[in-house]
Amino acid sequence: MRVLAILCVRNEGAFLLEWLAHHRAAGFTDFLVFSNNCQDGTDQMLDRLQEMGQLTHQRNEGPYDKGGIQFTALKQADRHPLMKQADWVLVLDIDEFVCIKTGDGTVADLLAALPEADAVTLTWRLFGNAGIVRFEDAPVTEQFTRCAPEVIHWPWRAVMFKTLYRNDGTYRKCGVHRPRDIRSTAQLDSFRWYDCEGRELGKAFKTKRLFSNYGQPNGRLAQLNHYPLGAMESYVLKADRGRVNRQAELGMDYWVERNYCSAEDTSIARYGTACAGVRAGLMEDPDLARLHSGAVAWRHARFAGLMTQEPCRALFARLLMTPPARPVSPAAAELLRGFAIPGQAGQQPLEDSS
């Protein structure tokens, strides 16, 4: 069984080896990674990893479609030979780590627990900043263990999912959160979607849905650990970079909606030994070790440079002053939904725009 992970990165060299080692430990067999406009040597790291047979690297330097950098890359992925060879596909970001809780923690174990599934929704569990200020060259999954509660009632962004799906031609295209472009209605009828509680999902999930139902647990068999904030220093760099799939600023609203720290989850620690072993093996390569150290140094230098700019310094100060997000109670969530105006900002999206 060949399981393909698709990734887009820019200036993420400091985190690349951990992400790759983790997903190798989780049973992914193939990696198609797109880079664009890197200043920290991420693209050179990817070239070296390709030479070592660890992944396939594609430069995505533009021009870009109106959907943005990530959407342009995914269109290239649809045509790539690795896509044609893959049995299962999952599109991920560098701050997302698959955490499978059943069996030995591999994709094969998850699929064995859901033998009738053709698509599996991996619901986010948001991991907050927990007051960590400085960026350190240490595993993200070990540094950040404070997170959203298992059951969350608001907002829908807290329970978005990524889709691990069987690549049998039912969908012609991959998407940021879900496969797209249905080949035929008849084929879709027999294509079965399940969540990680073992529940079979309805028609809306086959065609439009981007988020799991909130107010219920969604991750008994697996979850997608999402670390969208990181250290405060890293968030300033992320805000400077901007979003990869739309022209929008990253500010305090993004931070507040994702900085959940009321619970703790260390289930991903089951991968620690295997992940550390793969990562140590990669770092034995002198070129890769040099490039990794260079990416770490670049992050420190870039943050220092941004602190000479008032907007970045103001953002950093606000991060230092802002407490963690407090989960909305069921009663408050119901009140919010009661005030909702269809079609206005904050309403639930119907489909992936990629």
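Q: What makes up the lining of the largest cavity, by nonpolar, polar and charged residues?
A: The lining divides into seven nonpolar, four polar and three charged residues. There are 14 lining residues, and those nearest the centre of the cavity are Thr123, Trp124, Arg125, Pro149 and Glu150.

Q: How many cavities of 30 Å³ or more are counted, and what volume does the largest cavity have?
A: The count comes to four cavities of 30 Å³ or more, and the volume of the largest cavity is about 150 Å³.

Q: Why does Leu20 count as buried?
A: Buried means under 20% relative accessible area, and because the relative accessibility of Leu20 is 1%, Leu20 counts as buried. Leu20 has its place in helix α1 (residues 13-25).

Q: Which residues does Leu20 touch, not counting residues up to four places away in sequence?
A: With contact taken as heavy atoms within 4.5 Å, Leu20 touches Phe31, Leu49, Gln54, Leu55 and Leu282. Between the C-alpha atoms of Leu20 and Arg279 there are 8.2 Å in space, although 259 residues separate the pair in sequence.

Q: What is the mean pLDDT of the chain, and where is the pLDDT below 50?
A: The mean is 94, with 94% of the residues reaching 70 or more. The pLDDT is below 50 over residues 350-354, a stretch that has 16 contacts in the model beyond near neighbours in sequence. Where pLDDT is low, predicted coordinates should not be read in detail.

Methods: Residues are numbered from 1 along each chain as its sequence is written. This is a predicted model: local features need pLDDT of at least 70, side-chain atom pairs count only at pLDDT 80 or more; totals for chains, interfaces and linings use all residues. Side-chain values use heavy atoms; hydrogens and water are left out. pLDDT is the predictor's confidence in each residue, from 0 to 100. Helices (H or I, at least four residues) and strands (E, at least two) are DSSP runs, numbered from the N terminus. Buried means under 20% relative accessible area, exposed over 50%, partly exposed in between (1.4 Å probe, protein chains only). On a 1 Å grid over the protein atoms alone, a cavity is a set of points where a 1.4 Å probe fits but cannot get out, and a pocket is an open set with protein on both sides within 12 Å along at least five of seven lines; lining residues have an atom within 4 Å of a point. Grid points are joined across faces, edges and corners, and a volume is the space filled by probe spheres set on the points. Ala, Val, Leu, Ile, Met, Phe, Trp, Tyr, Cys and Pro count as nonpolar, Asp, Glu, Lys and Arg as charged, and the others, Gly among them, as polar.
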